[in-house]
Amino acid sequence: MTRSFRIGQIVPSSNTTMETEIPAMLRAREAVEPERFTFHSSRMRMKKVTREELAAMDDESDRCALELSDAAVDVMGYACLVAIMSRGAGYHRESRSRLHGVTVENGHPTPIVSSAGALTEGLGILGAKRVAIITPYMKPLTQMVIDYIEAEGIQVVDSIALEIPDNLEVGRRDPLALTEIVKRLDISEADAVVLSACVQMPSLASIQQVEDSLGLPVVSAATCTAYQILKELKLKPLVPNAGRLLGGRYI
């Protein structure tokens with residue numbers, strides 16, 4: 001009998017990408033593996049990617065975890081990388097523990113995946129010690145992302161900040177544009193490339209193409225989140241054409 005899993009996501013109210021890319025990856029997996037998935041979301045208000053709005057948004061995450069646990073989801077993803085990173089080094093651990101506690105108190109204990117934690121953990125699984133990254137953020141927020149990644153023991157050797165403040169505009173970007181933007185990155189000292197260090201900037205359509213071109217592992221916040229979701233569900237982390245991390249070798 002085929003087993004079905006409920007995937008919950010806590011997303012910014014203006015996010016349009018994680019509810020596209022996570023289902024796309026897991027639907028692609030359904031073509032090669034027996035498990036099936038349904039998708040369920042709760043939203044936190046956020047329109048502009050500023051430190052103030054991010055903090056106010058993160059304050060709503062407990063409510064979202066409570067709502068999703070009412071649906072007895074099997075795993076819950078906190079789908080905003082920079083909101084977590086804006087709260088200081090290592091905050092994904094505190095957030096994950098607190099949100100899990102909310103689900104326990106509601107009678108539906110649920111594993112929590114943080115996109116911020118998933119990114120750094122995914123890079124660690126690949127053995128990457130030095131990375132080059134692309135973000136859509138303004139330069140101060142991009143530096144905050146760099147600082148967070150480096151606090152986890154991974155050096156950022158180069159970065160590109162596209163400086164797009166409006167979150168809806170970020171979500172409307174053509175993911176294939178990254179195949180050209182990545183050529184501006186200095187990857188001479190990099191072990192891996194983060195094609196989108198943002199859950200809102202679409203990149204899935206470019207991941208495999210850029211990885212094949214560069215000969216380096218290529219990830220995004222979304223692909224790392226999908227990997228951790230599958231690991232929490234104790235399923236093979238395999239998604240076709242989504243990069244080396246999701247190639248099924250890192251079990």
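A search of the whole structure finds 12 salt bridges, a salt bridge being a side-chain nitrogen of Lys or Arg within 4 Å of a carboxyl oxygen of Asp or Glu. Side chains of opposite charge can pair when their charged atoms come close. The structure is a predicted model, in which local features need pLDDT of at least 70 and side-chain atom pairs count only at pLDDT 80 or more, whereas totals for chains, interfaces and linings use all residues. Residues are numbered from 1 along each chain as its sequence is written, and side-chain values use heavy atoms, with hydrogens and water left out.

One of these pairs joins the side chains of R87 and D58, with 3.0 Å from N to O. Because R87 lies in the loop between α4 and α5 (91-105) and D58 in helix α2 (residues 51-58), the pair ties together parts that are 29 residues apart in sequence; helices (H or I, at least four residues) and strands (E, at least two) are DSSP runs, numbered from the N terminus. R87 is partly exposed at 31% relative accessibility, whereas D58 is buried at 1%, where buried means under 20% relative accessible area, exposed over 50%, and partly exposed in between (1.4 Å probe, protein chains only). Together with D59, the residues D58 and R87 are linked in a network of salt bridges.

A further salt bridge connects the side chains of R98 and D62 at 2.8 Å, N to O. Here R98 belongs to helix α5 and D62 to helix α3 (residues 61-70), so the pair ties together parts that are 36 residues apart in sequence. R98 is partly exposed, with a relative accessible area of 28%, and D62 is partly exposed at 25%. The side chains of K183 and E180 also meet in a salt bridge, at 3.0 Å from N to O, and K183 is exposed, with a relative accessible area of 60%.

A nonpolar core is a set of buried Ala, Val, Leu, Ile, Met, Phe, Trp, Tyr and Cys residues joined through side-chain atoms within 4.5 Å, and of the 88 residues in the largest one, L54, L81, V82, L119, L123, I134 and V145 touch the most other members. Helix α11 (residues 221-232) supplies the largest share of this core, 7 residues. Because domain 1 (4-114 + 223-245) and domain 2 (117-220) both give residues to the core, it lies between them; these bounds come from an automatic or database domain assignment. Leaving out residues up to four places away in sequence, L123 touches A128, V131, I154, A192, V194 and V219, contact meaning heavy atoms within 4.5 Å.

V82, which sits in helix α4 (residues 81-85), is buried at 2% relative accessibility. Apart from residues up to four places away in sequence, V82 touches V49, L54, Y137, L141, M144 and V145.

N15 is found in the loop between β1 (4-12) and α1 (18-30) and is buried at 1% relative accessibility. Leaving aside its neighbours within four places in sequence, N15 is in contact with R43, A79, N167, V199 and Q200.
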